[in-house]
Amino acid sequence: MTFERPNIASMQGYTSGEQPDGGEVIKLNTNENPYPPSPAVSAAIAGFAVETLRRYPQPTADVFRDAAATLHGINRDEVIATRGGDELLRLVITTYVDPGQRIGMTDPTYSLYPVLADIQGCPIFKQPLESDWGLAEDFARQLNDNDCRLAFVVNPHAPSGQLVSTQRLRAIADEFKGVLLIDEAYVDFIDGGYDSISLIREFDNVILLRTLSKGYSLAGLRFGYGMAAPSLITPMLAKTRDSYNLDALGQVIATAAIQDQDYAKQTWASVREQRVLLQSSLIELGLSVPDSQANFLLAGVNAENSVTAQDIYRLLKEQGLLVRYFAIDRLADKLRISVGSETENARLINLLEDILG
Ligand SMILES: *Cc1c(COP(=O)(O)O)cnc(C)c1O
């Protein structure tokens with residue numbers, strides 16, 4: 001006897017990247033930032049009055065929302081703070097899509113989207129990406145033709161690191177009849193010249209997702225936010241959000257982190273610098289590595305190599321270094337490698353020289 005709803009009984013849960021307990025492992029598998037959080041975070045924790053935990057937190061994380069709004073030059077009512085970007089994804093689906101209505105996404109994409117769609121009982125429309133991981137020319141028309149109520153676009157794309165221009169996003173938002181969620185989890189690592197914020201003023205169907213997990217080295221905190229027109233933000237803020245979705249300490253930490261832009265920008269610059277070096281080292285080893293605007297590279301293992309991508313994943317793991325392998329169409333001959341610190345990347349290259357040597 002099962003009490004699960006039929007769609008829950010038949011669905012698969014999300015597979016997280018491996019998180020080993022031991023301290024010796026080098027983790028280049030879940031796109032965490034290789035640098036520590038801002039010193040302002042330690043100061044905020046040290047200065048936190050534990051006594052205040054007696055009370056419920058401010059329900060809508062308004063101090064954080066104000067800090068985010070100031071950072072982006074928008075208003076508080078255009079921002080919602082959420083428990084990681086992942087909570088925003090869940091809120092968008094439960095607020096804007098009825099069970100049975102279709103959700104659009106690219107293939108491949110962030111593997112949490114289909115899981116969340118399954119929970120809500122929503123069928124999925126998948127638009128295959130082009131061979132260079134670009135969006136199909138008629139993406140918006142396809143979304144409309146397939147009656148999608150909501151569509152997810154990761155930008156820069158995961159797992160390829162490809163960037164879609166804001167011009168292109170503008171055209172999609174304009175043509176698409178549903179809600180367009182642009183998942184900007186990796187936006188901080190773009191080389192420059194990308195500014196999507198104006199889209200939320202131009203369109204009432206665009207939501208931007210941001211997270212502190214990658215750019216601010218706070219994956220363990222679980223803090224993210226969404227930006228959109230108030231008509232999209234308010235229903236989630238006032239109705240579908242958990243009444244106290246963010247704890248008091250987390251609100252203080254997240255606020256300190258995004259207010260220390262100087263520090264965050266330094267880590268982003270270091271990641272970008274390491275990304276270029278790592279890419280050229282991987283290419284020298286004979287791997288195919290397209291340019292990436294995120295904090296990871298997608299390395300293709302050519303058929304003439306003596307080992308497969310899966311072999312490499314396994315051999316690296318045996319040596320205490322994790323990368324991400326996806327046994328799915330178009331990715332089975334590739335490895336997604338997070339850009340690590342200089343030392344971590346050097347270790348990876350050393351190991352790969354032995355494996356591919
Ligand atoms: C990391 C990530 C998120 C959000 O992650 P949280 O840790 O929940 O903030 C969203 N989308 C993509 C594509 C990601 O990689």
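**Ligand site and pockets**

User: Which side chain has an N or O atom 2.5 Å from an oxygen atom of the ligand?
Analyst: Thr-211. That is a polar contact, a pair of N or O atoms within 3.5 Å. This is a predicted model, where local features need pLDDT of at least 70, side-chain atom pairs count only at pLDDT 80 or more, and totals for chains, interfaces and linings use all residues. Residues are numbered from 1 along each chain as its sequence is written, and side-chain values use heavy atoms, leaving out hydrogens and water.

User: What does Arg-222 do there?
Analyst: A polar side-chain atom of Arg-222 lies 2.7 Å from a ligand oxygen atom. For Ser-213, the distance from a polar side-chain atom to a ligand oxygen is 2.6 Å.

User: How much of the ligand's accessible area does the protein cover?
Analyst: 93% of the 380 Å² that the ligand has on its own, by the Shrake-Rupley method with a 1.4 Å probe.

User: New topic. What volume does the largest pocket have?
Analyst: About 1300 Å³, taken as the space filled by probe spheres set on grid points joined across faces, edges and corners. A pocket is an open set of points on a 1 Å grid over the protein atoms alone, where a 1.4 Å probe fits, with protein on both sides within 12 Å along at least five of seven lines; lining residues have an atom within 4 Å of a point.

User: Which residues are closest to its centre?
Analyst: Tyr-14, Thr-15, Tyr-110, Ser-111 and Arg-324, of 48 lining residues.

User: And the volume of the second largest pocket?
Analyst: About 420 Å³. Of its 21 lining residues, those closest to the centre include Tyr-194 and Trp-268.

Key:
Polar contact = N/O pair within 3.5 Å; in protein donor to acceptor, adjacent residues only side chain to side chain.
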